[in-house]
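These are my notebook entries on one protein chain.

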Amino acid sequence: MNKIGILYFCVGRYRAFWKAFYESCESKFIPNIEKHYFVFTDAEKIIGEENNTRIHRIYQESLGWPLMSLMRFDIFLKIKSELEKYDYLVFFNANIIFTQTIFFEDFFPVGEQNLLACQHPYYFDKNIQQFPYCRDEKSTAYIPFTEGKYYVQGALQGGKSQQFIEAIETLRNQVQLDLENNVFAIWYDESHWNKYVLGRGDVKILTPSYLYPEDGSLPFKKKIEIVSKGRHFGFDYLRGKRDTPESNFKLFFKDRYRLIMAKLFKRDYYK
């Protein structure tokens with residue numbers, strides 16, 4: 001039977017998302033298959049680890065924003081030898097909840113497919129010129145306006161273990177080269193992921209059913225929900241800029257402005 005390795009970050013205040021993710025994943029994400037959780041966190045203890053030997057807590061200090069997101073590929077490779085023991089690997093953003101039972105054949109790549117990615121829920125019906133690809137020619141994530149087919153979200157990445165580890169290594173090297181040249185792709189790791197899957201014929205592209213915004217209204221059945229960070233906690237609160245969401249009125253209204261802009265321009269400003 002296949003074994004699945006799940007990669008998950010809950011550093012700092014993002015620890016608040018772990019309980020809902022874990023409990024919904026155990027009950028709805030490919031039941032009756034062996035799932036191991038590799039949880040990168042600065043918490044001394046996380047829910048479930050005392051009773052579930054499949055939870056592997058790995059200490060990870062906060063690198064701040066955006067390095068915490070951008071350096072994820074480098075962080076994954078610290079446990080490369082462990083990840084090689086699994087048949088399939090998948091990374092999920094912290095703020096994800098499984099709302100419907102998901103079956104293996106519907107989710108993971110099969111046959112000639114090797115990787116999986118998911119269409120961004122705000123760009124599935126846009127033309128390629130509207131995709132927010134990295135247009136900076138100095139970045140290794142650069143994609144010209146004439147290229148593209150899908151715009152995928154960085155909140156879900158995975159595939160067959162060997163091929164996904166190869167992807168992680170390539171992405172780590174590209175990010176490092178950008179940093180050495182003092183270049184940041186516009187949407188950080190998501191931009192690099194889009195560049196990597198562009199034009200490949202071995203990628204299973206999931207619909208936005210698997211990354212359905214909490215407040216969204218899309219022509220897809222919701223299977224995985226993206227919980228709104230701004231609605232529940234506040235952008236600056238999660239980034240560690242204040243002790244409570246209401247402790248600073250200026251930052252509070254700044255959060256509300258970001259949420260309004262996200263709705264107007266259909267972009268997740270709380271990524």
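I took helices (H or I, at least four residues) and strands (E, at least two) as DSSP runs, numbered from the N terminus. The model is predicted: local features need pLDDT of at least 70, side-chain atom pairs count only at pLDDT 80 or more, and totals for chains, interfaces and linings use all residues. Residues are numbered from 1 along each chain as its sequence is written, and side-chain values use heavy atoms, with hydrogens and water left out.

Entry 1, the chain. I found ten helices and ten strands. Of the 271 residues, 54% count as buried (under 20% relative accessible area; exposed is over 50%, partly exposed in between; 1.4 Å probe, protein chains only). I took a contact as heavy atoms within 4.5 Å. Among contacts with a separation of 6 or more, 70% join residues 24 or more positions apart.

Entry 2, the sheet. I counted two strands as paired if DSSP finds at least two bridges between them. Seven strands form an open, mixed sheet in the order β3-β2-β1-β4-β7-β6-β8. β3 (55-59) and β8 (203-206) stand at the edges with a single partner strand each, so one side of each is left without a neighbour in the sheet. From one strand to the next, the twist averages 20 degrees. I then looked up β1 (residues 3-9) and β4 (residues 88-92), which pair in the parallel sense over five bridges. I6 has V90 of β4 as its bridge partner.

For directions, I used axes fitted as lines to C-alpha atoms, for helices over the stretch in contact, with angles from 0 to 180 degrees between N-to-C directions. α1 (residues 18-28) lies across β1, β2 (34-41), β3 and β4, and runs at about 170 degrees to β2. α6 packs on the sheet as well, touching β1, β4, β6 (115-119) and β7 (152-160), and its direction makes about 135 degrees with that of β7.

Which residues of α6 are buried? I noted S161, F164, I165, A167, I168, L171, V175 and D178. They lie on the same side of α6, because they cover an arc of only 155 degrees around the axis (taken from the directions from the helix axis to the C-beta atoms). An α-helix has 3.6 residues a turn, so residues three or four places apart point the same way. The face of α6 turned away from its buried side carries the exposed residues Q162 and E180. After α6 comes N182, with a positive phi near 55 degrees.
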